[in-house]
Amino acid sequence: MSSLQEILNFNESFVKFKQYEPFITSKFPDKKIVILTCMDTRLVELLPKAMNMRNGDVKIVKSAGAQVSHPFGAVMRSILVAVYELKADEVYVIGHYDCGMSAIEPEQMIGKMVERGVNKDIINIVNYTGIDLVEWLRGFGDVSTSVLKSVDIIRNHPLMPTGVPVHGLVMDPGTGKLDLLSNGNENIK
Ligand SMILES: [Zn+2]
């Protein structure tokens with residue numbers, strides 16, 4: 001059953017009783033930080049709480065696996081917008097242990113697409129138009145390697161200004177404990 005109506009009903013009363021008031025802030029991050037992290041459900045509230053972040057403190061960009069999969073994709077664009085337009089001057093890439101993206105089997109996922117009605121011919125057409133579907137869907141084996149790869153892409157991006165530290169960390173999705181992989185202050189351009 002769709003959750004849409006339930007959400008709309010809740011939303012109506014949320015607004016009516018001004019429950020938004022504790023969250024009023026501006027679009028500029030008070031702590032001048034942009035975080036790239038994973039869409040994992042366990043991090044929704046845990047990550048901001050474990051880092052002492054409140055509404056208004058930080059820009060959060062989310063992608064499956066906290067990956068920058070393309071240097072000119074939407075994730076990298078969001079980080080650049082945060083830096084140039086929204087006054088963020090520090091970037092945190094935060095992956096997490098037990099990430100779903102480390103277990104993705106692209107071939108199996110394509111199999112599920114076919115099971116759910118995507119025509120096999122369509123899959124072939126996508127592949128013949130030069131898109132390597134398996135590579136596109138592929139996750140990563142080791143979260144630390146993946147975080148460091150994303151850090152490297154952001155740090156060395158030709159459109160990133162100098163003087164913006166890019167940190168790489170991994171969070172425990174149970175306890176919120178952060179492990180530091182790369183301190184951007186020591187690798188600043
Ligand atoms: Zn994840």
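The stops below go from the sheet to its middle strands, then to the core, the metal site and one arginine.

**Before you start**

This is a predicted model, in which local features need pLDDT of at least 70 and side-chain atom pairs count only at pLDDT 80 or more, while totals for chains, interfaces and linings use all residues. Residues are numbered from 1 along each chain as its sequence is written, and side-chain values use heavy atoms, with hydrogens and water left out.

**Stop 1: the sheet**

Switch to a cartoon view and find the strands. Helices (H or I, at least four residues) and strands (E, at least two) are DSSP runs, numbered from the N terminus. In which order do the strands of the open sheet stand? The order is β2-β1-β3-β4-β5, which makes 5 strands with mixed pairing. Two strands pair if DSSP finds at least two bridges between them. Strands of a sheet pair through backbone hydrogen bonds, either parallel or antiparallel.

Now select β2 and β5. Each of them has a single partner strand and stands at an edge, so one side of each has no neighbour in the sheet. From one strand to the next, the twist averages 25°.

Helix α2 lies across β1, β2, β3 and β4, at about 145° to β1. Helix α3 lies across β1, β2 and β3, at about 175° to β2. For these angles, axes are lines fitted to C-alpha atoms, for helices over the stretch in contact, and angles run from 0 to 180 degrees between N-to-C directions.

**Stop 2: strand β4**

Select residues 166–171, which form β4. Is this strand enclosed or open? 6 of its 6 residues are buried, so β4 is largely enclosed by the rest of the structure. Buried means under 20% relative accessible area, exposed over 50%, and partly exposed in between (1.4 Å probe, protein chains only).

In a regular strand the side chains alternate between the two faces of the sheet. On one side of β4 you have Val166, Gly168 and Val170, and on the other His167, Leu169 and Met171; all of these are buried.

Next, show the neighbours of β4. Strand β3 (residues 91–96) runs parallel to β4 and is joined to it by 6 bridges. Within this pair, Val93 stands opposite Gly168. Strand β5 (residues 178–182) runs antiparallel to β4, with 4 bridges between them. Met171 has Leu178 in β5 as its bridge partner. The hairpin of β4 and β5 has 6 residues between the strands, and there Gly176 takes a positive phi near 85°.

**Stop 3**

Select Ile94, in strand β3. Its relative accessible area is 0%, so Ile94 is buried. Contact means heavy atoms within 4.5 Å. Leu169 is 75 residues from Ile94 in sequence, but the two are 4.8 Å apart in space, C-alpha to C-alpha.

Ile94 is also one of the residues with the most contacts inside the largest nonpolar core, which has 37 residues. A nonpolar core is a set of buried Ala, Val, Leu, Ile, Met, Phe, Trp, Tyr and Cys residues joined through side-chain atoms within 4.5 Å. The elements that give two or more residues to this core include β1 (33–38), α7 (143–155) and β4. Helix α3 gives the most, with 6 residues.

**Stop 4: Thr37**

Move to Thr37 in strand β1. Thr37 is buried, with a relative accessible area of 1%. A polar atom of its side chain lies 2.8 Å from the backbone oxygen of Ile94. A polar contact is a pair of N or O atoms within 3.5 Å; within protein, one must be able to donate a hydrogen and the other to accept it, and residues adjacent in sequence count only if both atoms are side-chain atoms.

**Stop 5: the zinc ion**

Select the zinc ion. Which residues coordinate the zinc ion? They are Cys38 (SG), His96 (NE2) and Cys99 (SG), at 2.0 to 2.2 Å. Donors are N, O and S atoms within 2.8 Å of the metal (3.2 Å for Na, K and Ca); water is not among the atoms, so sites may look incomplete. Cys38 lies in strand β1 and Cys99 in the loop between β3 and α4 (106–115), so the pair ties together parts that are 61 residues apart in sequence. Cys38 counts as buried at 4% relative accessibility, and Cys99 does at 5%.

**Stop 6: Arg155**

Finish at Arg155, in helix α7. Arg155 counts as buried at 16% relative accessibility. Its side chain has a polar atom 2.6 Å from the backbone oxygen of Val166, and it makes a polar contact with the side chain of Ser182 (2.7 Å).
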